[in-house]
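This briefing covers the strand pairing and helix packing of the structure shown below. The points are grouped by topic.

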Amino acid sequence: MLRARRRIFERGLYAPLAEAVAERVVREPISPGFTVLDAGCGEGYYVGRAARAIAERAPDEACCSIGVDVSKDALRLAARAYRDVCFVVNDVKHRLTVADACVDVLLDVFAPRNAAEFARVVRDGGLLVVVIPGAGHLQELRGRLPLLGIEPGKRERAIARLGAAFRLESEQAVEYRRELEAEDVLDLLRMTPNAWHLDAADVDPVTSWRRADVTFAMQVLAFRRGG
């Protein structure tokens, strides 16, 4: 799963999303000590892109980028790839190992959300960026394979769950199409929970596929901490 995800990132299939997230981060005022935390960072792709964008936008500022994840293997890959980011083993579903109100921007990209801990660590006026799949995400694959569905009302539930401490400030739809080879499709299946859901009979036909046009559709929700 981890190496499949890394190959997908290396092929740039989620690059437009990473750029949209990084662009939203660097719209914030950047001053010394500016801190970004990626909760559930996996292999570090999104926080790595954000750290690079911060360094390009404010090269003279001493900023801090942190990625936390429960997977030690994922963090080993992340640490090798993004040496300007600090990676820490931490289960997002429990207490985050950072101090109160010390985070300027918190990223949550396709990861579990811990509303209470997010509210504790993000400073008043700070930003929370949440990425969820859109209704059309990988729709061509869903039409041909028994993939896990995208739950209806996902956006509304995210807003409601975070609403006690965060208000929705803006949202951006990121949608594009890519032509995928069979191996790309297999890696997409391997990098998600579908890897545990599908059996060999479901996946084997993919090896004979010709190129497939596939839609990538995500929602980038930006929340502001406090009133």
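Predicted model: local features only at pLDDT ≥ 70, side-chain atom pairs only at ≥ 80, totals over all residues.

Strands β1 and β4 run parallel and are joined by three bridges.

**Strand β1**
- On its other pairing, β1 is parallel to strand β2 (residues 64–69), over five bridges.
- A39 stands opposite V68 in β2.
- A right-handed β-α-β unit is made by β1, α3 and β2.
- Since five of the five residues of β1 are buried, the strand is largely enclosed by the rest of the structure.
- Burial applies to both faces of β1: T35, L37 and A39 lie on one side, V36 and D38 on the other.

- Strands β6 and β7 run antiparallel and are joined by 14 bridges.
- Within this pairing, Y176 has F216 in β7 as its bridge partner.
- Strands of a sheet pair through backbone hydrogen bonds, in either a parallel or an antiparallel sense.

**Helix α2**
- Helix α2 (residues 15–25) is mostly covered, with eight of its eleven residues buried.
- These buried residues are A15, L17, A18, A20, V21, A22, R24 and V25.

**Helices α1 and α4**
- The axes of helix α1 (residues 2–10) and helix α4 (residues 72–81) come within 10 Å of each other and cross at roughly 35°.
- From α1, the contact is made by L2, R3 and R6; from α4, by D73, A74, L77, A78 and A81.
- Of the residues in this contact between α1 and α4, five are nonpolar, three are charged and none is polar.
- An α-helix has 3.6 residues a turn, so residues three or four places apart point the same way.

Key
Residues numbered from 1 in each chain as written. Heavy atoms only, no water. Axes fitted to C-alpha atoms, helices over the stretch in contact; angles between N-to-C directions. Helix = DSSP H or I, 4+ residues; strand = E, 2+ residues; numbered from the N terminus. Contact = heavy atoms within 4.5 Å. Nonpolar A, V, L, I, M, F, W, Y, C, P; charged D, E, K, R; others polar. Buried < 20%, exposed > 50% of the residue type's maximum accessible area, 1.4 Å probe, protein only. Pairing = 2+ DSSP bridges. Right-handed = clockwise from strand over helix to strand, strands pointing away.
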